Amino acid sequence: MKSLKTSKKQYLTFITSLIVFILSISFSVAQSDSEVTTTEGQTITVTVKNVKNNIGQIMFTLHNGETWMKGQGIQNINSEIINNTVTVTFKNVKPGTYAVMVLHDENKNNRMDFENGMPKESYGMSNNPLSYGPPNFGEAKFNIDAENLNLDIRF
């Protein structure tokens with residue numbers, strides 16, 4: 001009986017963490033290129049090549065350790081899907097440690113949809129970690145310094 005309670009607790013912890021992850025993407029607001037007015041920093045180009053269809057949009061959110069899992073990121077971009085691929089560029093990123101979260105928002109409702117507590121829409125993070133627990137900044141983080149960066153994220 002004790003193991004059943006532990007399993008339920010682990011499941012609920014996982015679902016709660018996943019919901020927080022999704023909300024941090026879902027509450028992001030698209031940022032157009034015209035909103036970025038400074039020219040300081042580097043660019044981070046992010047590509048997702050394995051989108052399962054061209055329906056909806058892909059939501060990208062750039063986070064640092066302080067914004068991770070806490071709502072909007074430092075920069076947020078929504079993009080249409082063409083030929084099951086999306087590429088976006090975060091501009092004017094200052095040197096530091098960051099992570100990228102990505103969500104395939106198929107119905108364009110700006111949030112992740114669930115069925116029986118499990119995500120119905122694809123999502124991913126920088127470094128493509130294969131963990132089954134809550135999204136972890138340590139697994140997704142990368143450093144940006146004086147050079148531009150290209151990332152490939154898989155769903």
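Is K94 buried, exposed or partly exposed? K94 is partly exposed, with a relative accessible area of 49%, where buried stands for under 20%, exposed for over 50% and partly exposed for what lies in between (1.4 Å probe, protein chains only). The model is predicted, and local features need pLDDT of at least 70, side-chain atom pairs count only at pLDDT 80 or more, and totals for chains, interfaces and linings use all residues. Residues are numbered from 1 along each chain as its sequence is written, and side-chain values use heavy atoms, with hydrogens and water left out.

**Salt bridges**

- The count comes to three salt bridges, each being a side-chain nitrogen of Lys or Arg within 4 Å of a carboxyl oxygen of Asp or Glu.
- E40, itself partly exposed at 49%, forms a salt bridge with K94, and their closest N and O atoms are 4.0 Å apart.
- E106 pairs in a salt bridge with K52, with the closest N and O atoms 3.3 Å apart, and K52 is exposed at a relative accessible area of 52%.
- D113 forms a salt bridge with R111, the closest N and O atoms again lying 3.3 Å apart; D113 counts as buried at 11% relative accessibility, whereas R111 counts as partly exposed at 44%.

**Aromatic pair**

- One aromatic pair is counted, the rule being that rings of Phe, Tyr and Trp (its six-membered ring) pair if their centres lie within 6.5 Å, with planes under 30 degrees apart stacked, over 60 edge-to-face and the rest tilted.
- The ring centres of W68 and F137 are 5.6 Å apart and their planes stand at 65°, so the pair is edge-to-face.
- W68 is buried at 7% relative accessibility, and F137 is buried at 17%.
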